[in-house]
Amino acid sequence: MMRLTVLGSAAGGGFPQWNCGCPQCVAVRGNHADFQGRTQDSVAVTRDGESYVVVNASPDVLEQIKRTRALWPRAPRHSPIRAIVLTNGDMDHVLGLFALRESYPFALYATEAVWRGLEANAFLRTLQRFEGHVVWRRLEIGHDMEIRDAAGESTGVHLRAFAAPGKLPVHLMGGTPSPEDNVGLVFHDGSAPRRSAVYLTACAHLETRSDLEGHAALLFDGTFYREDELVRLGLSQAVAKDMAHVPITVDDGRGSLARLSSLPGRKIYTHINNTNPILSKSSEERRIVEAAGFEIAFDGMDITL
C-alpha cells in the first residue's frame with residue numbers, strides 16, 4: 001500500500017498570493033467560508049509511514065513540515081524525509097531546498113538538465129556542507145527506479161519519470177530547451193498487481209495522454225480554469241499557454257476537463273492558481289468540475305492506493 005499526502009495544492013505564490021488583491025485573495029484573507037488557504041504545490045509519498053519522498057521543495061516547505069505530523073523528527077537529529085524529487089527547476093519547486101540546510105543528509109532526484117540549472121546557482125553550496133549532505137541521483141526519463149536515501153537505503157517507493165511539455169524556468173530563459181526540463185512522475189510501491197499514481201502539475205498541452213492512463217489516481221495541472229483567466233481579471237497579458245499550462249476548459253474542447261474526464265480512477269486538480277474560480281466551494285466552475293468526476297486538492301489531503 002502507498003499513501004500520498006498533498007502538502008501544498010496552490011500554484012506559485014500560494015493562496016492568497018502575497019501581492020494579489022483579486023476578489024478571491026481578498027476573500028480568503030477575510031476567512032470567507034467558501035475559501036481555504038493553500039501553500040505552494042508539493043506532495044509527500046510513503047509506503048511504510050516511516051520513510052517519505054517529497055516531490056518539489058516549495059518556499060513553504062517548513063510550514064508544510066510543521067503542520068504534517070508524519071514529517072516531524074523522531075530523534076534529536078532526524079527527518080522522515082529521505083529523498084526529494086524535482087519535476088522541474090522552477091523557483092516554486094527548488095527554493096525550499098535551501099531551507100533544508102541544517103546538516104541532515106537527503107537524496108535529491110532530478111534530471112540532468114534540472115541539476116545543471118541548480119549547479120549554476122552559488123546557493124547550492126549551502127547544501128554541500130559535508131560529504132554526502134545532498135546526494136544527487138539522476139532521474140532518467142522512461143526508467144523505473146526505486147527511490148533510495150542518501151545512504152543508499154530503499155524508501156520502498158518506486159517511480160518512473162516521463163517528459164512533459166513545459167518550458168525553461170524564468171531564470172534560465174534563453175538557454176537550450178530539453179525534454180528533461182519538465183517531467184511528470186508515476187509512483188508505485190513495486191507490488192503486483194501494481195497500483196500507481198501520476199503527478200503532473202505543469203503541462204503545456206495534451207497531445208498525448210498515454211502516460212496518464214491506467215492509474216489509480218491522477219494529480220493534474222489545475223492552474224487555470226480558462227486560457228485568458230489573468231487577462232479577464234486585468235492582472236496580466238499572459239494566457240495559460242504562455243506559462244506552459246493547459247487550462248481546465250477551452251471552447252474547442254481541448255481543455256483538460258474534456259480530455260481527461262473519461263479516465264478511470266481518481267482525478268484530482270492541484271497546483272491551482274489564486275485566480276481559478278474552482279477555489280470557491282460554491283462556484284459554478286467548481287460544480288462543473290466535480291460533476292465531471294474531478295476532485296479539488298487541498299493541503300493535507302490523503303490519497304491511499
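A cavity is a set of points, on a 1 Å grid over the protein atoms alone, where a 1.4 Å probe fits but cannot get out. The model described here is predicted.

**The cavity**

- About 40 Å³ of space lies in the largest cavity.
- The residues that line the largest cavity are L212, G214, H215, A217, L218, L263, P264, G265, R266 and K267.
- Two or more residues of this lining come from each of the elements β11 (217–221) and β12 (266–270).

**The seven-stranded sheet**

- An open sheet is formed by seven strands, in the order β7-β8-β9-β10-β11-β12-β13, and its pairing is mixed.
- At the edges stand β7 (144–148) and β13 (294–296), each of which pairs on one side only.
- On average, neighbouring strands of this sheet are turned by 25° against each other, with direction ignored.
- Within the sheet, strand β9 (residues 183–188) and strand β10 (residues 196–200) run antiparallel and are joined by four bridges.
- V186 has V198, in β10, as its bridge partner.
- Helix α7 (residues 284–291) lies across β12 and β13, and runs at about 135° to β13.

**Residue Q40**

- Q40 is placed in the loop between α1 (23–29) and β2 (42–46).
- Q40 counts as buried because its relative accessibility is 7%, and buried means under 20%.
- Leaving aside residues up to four places away in sequence, Q40 touches G8, A10, A11, G12, G13, G14, S58, P59, D60, Q64 and D92.

**Residue V43**

- V43 is found in strand β2.
- With a relative accessible area of 0%, V43 is buried.
- Contacts of V43, not counting residues up to four places away in sequence, are made with L4, T5, V6, L7, V53, V54, V55 and Y199.
- V43 and D302 are 259 residues apart along the chain, and their C-alpha atoms are separated by 9.7 Å.

Definitions and conventions
Residues are numbered from 1 along each chain as its sequence is written. This is a predicted model: local features need pLDDT of at least 70, side-chain atom pairs count only at pLDDT 80 or more; totals for chains, interfaces and linings use all residues. Side-chain values use heavy atoms; hydrogens and water are left out. On a 1 Å grid over the protein atoms alone, a cavity is a set of points where a 1.4 Å probe fits but cannot get out, and a pocket is an open set with protein on both sides within 12 Å along at least five of seven lines; lining residues have an atom within 4 Å of a point. Grid points are joined across faces, edges and corners, and a volume is the space filled by probe spheres set on the points. Two strands pair if DSSP finds at least two bridges between them. Axes are lines fitted to C-alpha atoms, for helices over the stretch in contact, and angles run from 0 to 180 degrees between N-to-C directions. Contact means heavy atoms within 4.5 Å. Buried means under 20% relative accessible area, exposed over 50%, partly exposed in between (1.4 Å probe, protein chains only).
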